[in-house]
Amino acid sequence: MDIPYTVQPRPDTGLYNAKVGIWLFLASEVMLFGALFSSYILLRVGAPDGYWPHGWLNVPVGTANTLVLITSSITTVMAWASLKMNQFGRFKFYHACTILFALTFVGIKSYEYHDKFTHYSIKLADGRLADGHLDEKSKDFDLAKKQGKIVIHGHVVNLAAANENLKEELKTIYDPHSAEGKKAKHSKLEFNASEIASMETYGPWHNTYTAIYFTLTGLHALHVIGGAIVISFLWSFGAKMWKTDPERFTNRIEISGLFWHFVDLVWIFLFPVLYLL
Amino acid sequence: MATAIPHTGVHEVHHHETDFWRTYVFSTDHKIIGIQYAVTALFFLFFGFLLMVMMRWQIAHPGQPVPLVGFLLERVLHNAQGASLAPKGIINGDLYNSFGAMHGTIMVFMAIVPLAFAAFGNYVVPLQIGAPDMAFPRVNMASYQAYVLGGLIMFISFFIPDGAAQAGWTSYSPLATSIATNGQTFWLVGMIFLITSSLLGAVNFIATIIQLRAPGMTWMRLPFFVWAQFVTAFLLLLAFPPLEAAGVMQLMDKVAHTSFFLPTGLAVGGQLANVSGGGSPLLWQHLFWFLGHPEVYVLILPAMGIVGEIIANNTRKPLWGYKSLVYSVLTIGFLSFIVWAHHMYLTGMGNRVATFFQTTTMIISIPSVIILTCMFLSLWGGSIRFNTPMLFVMAFLPMFGIGGLTGLPLGFNFSDLHLHDTYYIIAHFHYIVAPGTIFALFAGIYFWFPKITGRMMSEFWGKVHFWSSLIFMNLIFQPMFAQGMAGMLRRMVDGGANYSQAQVPGGLGGLSPHMLDLHRFILYAAILLGLAQIPFIINLFWSINHGVKVNSDNPWQSTTLEWQTPTPPPHGNFAQVPEVHRGPYEYSVPGHSTDFTPQNESEQRIPNPITKPLPA
């Protein structure tokens with residue numbers, strides 16, 4: 001049984017089946033990420049004044065990641081073009097580059113995530129809020145048993161400050177690169193567990209900004225990893241199809257490239273929305 | 001069960017001989033996958049029905065142990081402390097809520113959509129367009145497996161400590177994540193699998209219909225069933241992902257303690273919840289109903305497709321208004337994306353937004369009415385054969401009419417204010433899905449059974465099944481309109497006793513004893529409806545090996561391509577690629593010796609008796 005148009009395009013549509021399939025799949029992915037972006041908009045518009053964070057993400061690092069992905073999109077096209085020009089060796093080279101760039105992206109993202117998971121927001125028993133990056137935690141640290149010490153590098157905010165000052169105080173947390181935000185002096189702060197009412201890291205649970213940040217970038221990263229796995233398979237075991245059915249193999253590279261471009265495109269939207277705006 | 005691979009006797013010439021597992025379990029053949037979907041979906045349909053009967057019994061007898069199965073519920077369902085969820089066999093409020101939530105979820109996502117879209121679509125669409133299989137057979141297998149996994153997760157969730165999800169099939173936050181049990185987590189993970197299954201299926205259907213039509217099968221020669229499935233696939237493709245996103249977010253609310261849908265200041269059980277807040281419960285509703293509304297068109301469009309096929313075949317006439325039907329399904333597809341907030345009129349939306357959704361909702365009723373009207377008009381002047389499929393399909397027309405018309409007061413915000421979340425809504429949507437879609441699906445089973453098995457189902461028992469189902473379905477749902485208009489709300493384990501005139505004597509709007517008595521009437525009708533399915537189930541299985549054998553590959557004398565194959569169609573469907581020469585409903589064409597001309601029959605030159613007299 002032969003399914004027609006798996007390799008040769010159908011004359012009236014000009015497409016082979018897998019191309020139709022991947023474009024349809026990408027349409028559904030647009031709706032998926034679109035829903036998340038819409039949620040971002042709704043959550044941000046609904047946030048009270050002064051409580052939506054700015055400048056919590058490192059722009060140069062994000063820019064680097066953007067360039068990594070854009071370059072990987074270029075190398076994936078070069079890989080497909082190499083096959084079209086019958087140059088298997090060059091295909092292997094460019095495809096390998098794509099995989100390496102993908103891994104670099106995930107690596108940089110992990111570094112960013114790690115930064116968030118070591119950034120603590122500590123509610124002190126006396127009502128003040130301490131905020132900073134972890135320096136060290138004593139080995140016997142246990143909040144429930146009220147034992148141990150924690151050292152962070154950051155600043156303390158007085159939440160009980162009078163109204164006019166509260167906005168300024170909040171800006172040191174929610175807009176650290178603004179003029180008021182920069183006024184906070186960062187230093188080494190040490191607290192005993194007994195002084196702490198509660199504490200948490202800047203994970204998804206911290207506020208809706210981190211929640212949507214981790215969900216959007218997490219889902220995107222899963223797509224990067226998934227795409228990288230497929231591309232790796234095609235680079236390694238899948239490459240033997242070049243010997244038996246070169247046209248079909250080239251089409252597979254084209255399809256994976258289309259998916260990869262989509263993943264890149266999502267990041268092109270994610271970067272300005274999360275990092276710049 | 002008849003095999004998809006024809007037996008070639010002692011001399012096995014087949015190159016692709018595969019073992020039992022590859023042929024029947026891990027199959028990539030669209031016909032086997034279609035049957036797999038049908039069998040699984042029918043099981044879930046039956047299970048969802050049982051949940052409903054238990055619920056209806058409890059509503060009619062609040063606080064009393066459920067007979068027959070009460071002891072089973074007591075034994076099998078436990079909470080986290082080990083105590084039974086149904087002590088003494090009585091379904092309490094929480095258990096009732098989980099039955100209700102799962103009845104809706106199972107019926108919509110695990111019974112109707114897999115049966116109407118995946119089962120019938122998988123089996124019939126490639127045959128009707130003249131293709132050897134779906135465009136992506138392995139993706140097809142993957143989509144069935146994802147469905148089974150999702151269904152299993154949902155099914156198992158009943159038996160975990162504290163039981164299944166309890167917050168309705170709509171799973172509104174903050175309730176959904178505030179209930180401290182794991183049922184909701186299972187529901188969300190199950191939904192992700194089910195949505196993945198639908199997305200893979202949708203990609204397959206659309207690519208197949210675009211790319212694999214046989215030569216001569218132009219778009220306007222497609223059977224209406226294929227058009228309906230095409231639009232349904234687009235609805236699934238584009239509407240499900242927002243729910244998937246919402247499901248991921250709600251799952252994160254539950255396990256990662258985010259606050260996507262949890263507002264600031266949320267208190268659970270009198271205590272301030274330990275969450276960051278800042279979220280929006282409305283966001284969940286918007287994302288859910290953005291799928292939810294196209295979803296209901298997913299439930300009805302394949303059914304309308306089946307109705308079209310069976311009407312044309314049994315009136316021996318082309319469908320009236322083929323072009324109108326095609327443009328109407330396409331219009332419904334587009335419009336269904338911009339009406340969703342008519343499910344949210346009571347959320348405090350402003351007049352302008354409400355007016356927008358009211359307007360689009362009224363507009364979308366137009367193509368729906370056009371489709372129904374075309375079906376009705378198709379009957380006029382037809383040479384009607386009243387076989388079982390035709391009876392179900394003819395009943396579909398007024399039943400869907402009732403369901404659709406009763407939706408009009410719901411589309412208007414001013415009347416919906418009174419009717420929202422009452423039994424009126426339950427009656428409205430069940431009329432569309434139960435004596436609507438399910439009747440069309442029954443019709444499809446009776447209609448395509450001879451192609452799948454080579455035997456007819458019993459006509460007599462088919463008619464028994466039809467009349468009893470029609471009567472009892474109406475007896476169940478008709479009273480609910482009255483109950484709803486009297487103010488009886490949905491999802492109440494005591495059936496409204498708390499709001500009865502007995503409970504609040506002299507109070508305005510208390511439910512009358514008559515309204516509450518109707519619960520028992522509805523219960524009896526539901527039990528009888530269940531009993532009425534027994535002859536169908538027996539008929540279905542018995543006829544596989546003992547039904548009357550068909551004497552041709554085309555026992556209904558149909559024009560469409562699925563009937564122009566061997567019975568059952570072999571792997572690859574057509575011995576040679578069919579060539580299509582005409583439209584899908586060339587019935588009773590003047591001058592032809594038969595009253596039907598199959599789409600792929602070769603052209604013959606028939607002298608026109610009016611302009612050219614026949615030779616003497």
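User: On which residue is the kink in α9(B) centred, where the angle is about 30 degrees?

Analyst: This is a predicted model, in which local features need pLDDT of at least 70, side-chain atom pairs count only at pLDDT 80 or more, and totals for chains, interfaces and linings use all residues. Residues are numbered from 1 along each chain as its sequence is written, while chains are lettered from A and ligands numbered from 1 in the order in which they are written. The bend at a residue is the angle between axes fitted to the seven residues ending there and the seven starting there, and helices (H or I, at least four residues) and strands (E, at least two) are DSSP runs numbered from the N terminus. In α9(B) the kink of about 30 degrees is centred on B:Trp289.

User: How far apart are the end C-alpha atoms of α9(B)?

Analyst: The expected span of a helix is 1.5 Å times one less than its number of residues. α9(B) has 35 residues, so it should span 51 Å. The model agrees with this, as the end C-alpha atoms are separated by 51 Å.

User: How many residues of α9(B) are buried?

Analyst: A residue is buried if 20 or more other C-beta atoms lie within 10 Å of its own, exposed if 12 or fewer, and partly exposed in between, with C-beta atoms placed from the backbone. By this count α9(B) is mostly covered, and of its 35 residues the number buried is 31.

User: Which residue just after α9(B) has a positive phi?

Analyst: The backbone just after α9(B) takes a positive phi of about 55 degrees. The residue with this value is B:Arg316.

User: Where does α15(B) bend, and why is this helix called largely enclosed?

Analyst: Helix α15 of chain B covers residues 423-453 and bends by about 35 degrees. It is followed by B:Gly454, with a positive phi near 80 degrees. The bend itself is at B:His430.

User: Which element gives the most residues to the side of chain B that touches chain A?

Analyst: Two residues are in contact if their C-beta atoms, placed from the backbone, lie within 7 Å. On that basis 34 residues of chain B are in contact with 30 residues of chain A. The elements of chain B that give two or more residues to this side are α7 (183-211), α8 (224-255) and α9 (281-315). The one that gives the most, with 10 residues, is α8(B).

User: How many residues on the side of chain B that touches chain A are charged?

Analyst: Ala, Val, Leu, Ile, Met, Phe, Trp, Tyr, Cys and Pro count as nonpolar, Asp, Glu, Lys and Arg as charged, and the others, Gly among them, as polar. This side of chain B has 22 nonpolar and 10 polar residues. The number of charged residues there is two.

User: Over which residues of chain B is the pLDDT below 50?

Analyst: pLDDT is the predictor's confidence in each residue, from 0 to 100. Chain B has a mean pLDDT of 93, and 95% of its residues reach 70 or more. The stretch with pLDDT below 50 has 19 contacts in the model beyond near neighbours in sequence, and it covers residues 1-15.

User: What distance separates the centres of domain 1 and domain 2 of chain A?

Analyst: Domain bounds come from an automatic or database domain assignment. In chain A, domain 1 is 18-116 + 207-276 and domain 2 is 121-201. Six residues of domain 1 of chain A are in contact with seven residues of domain 2 of chain A. Taken over C-alpha atoms, the centres of these domains of chain A are separated by 36 Å.

User: Is B:Ile384 buried or partly exposed?

Analyst: B:Ile384 is in the loop between α11 (351-379) and α12 (388-405) of chain B. Leaving out residues up to four places away in sequence, it touches B:Asn314, B:Thr315, B:Leu379 and B:Met390. B:Ile384 has 14 C-beta neighbours inside 10 Å, so it counts as partly exposed.

User: Which residue does a cis peptide bond join to B:Pro174?

Analyst: B:Pro174 is in the loop between α5 (137-156) and α6 (175-178) of chain B. Omega of the cis bond is about -5 degrees, and the residue joined to B:Pro174 is B:Ser173.
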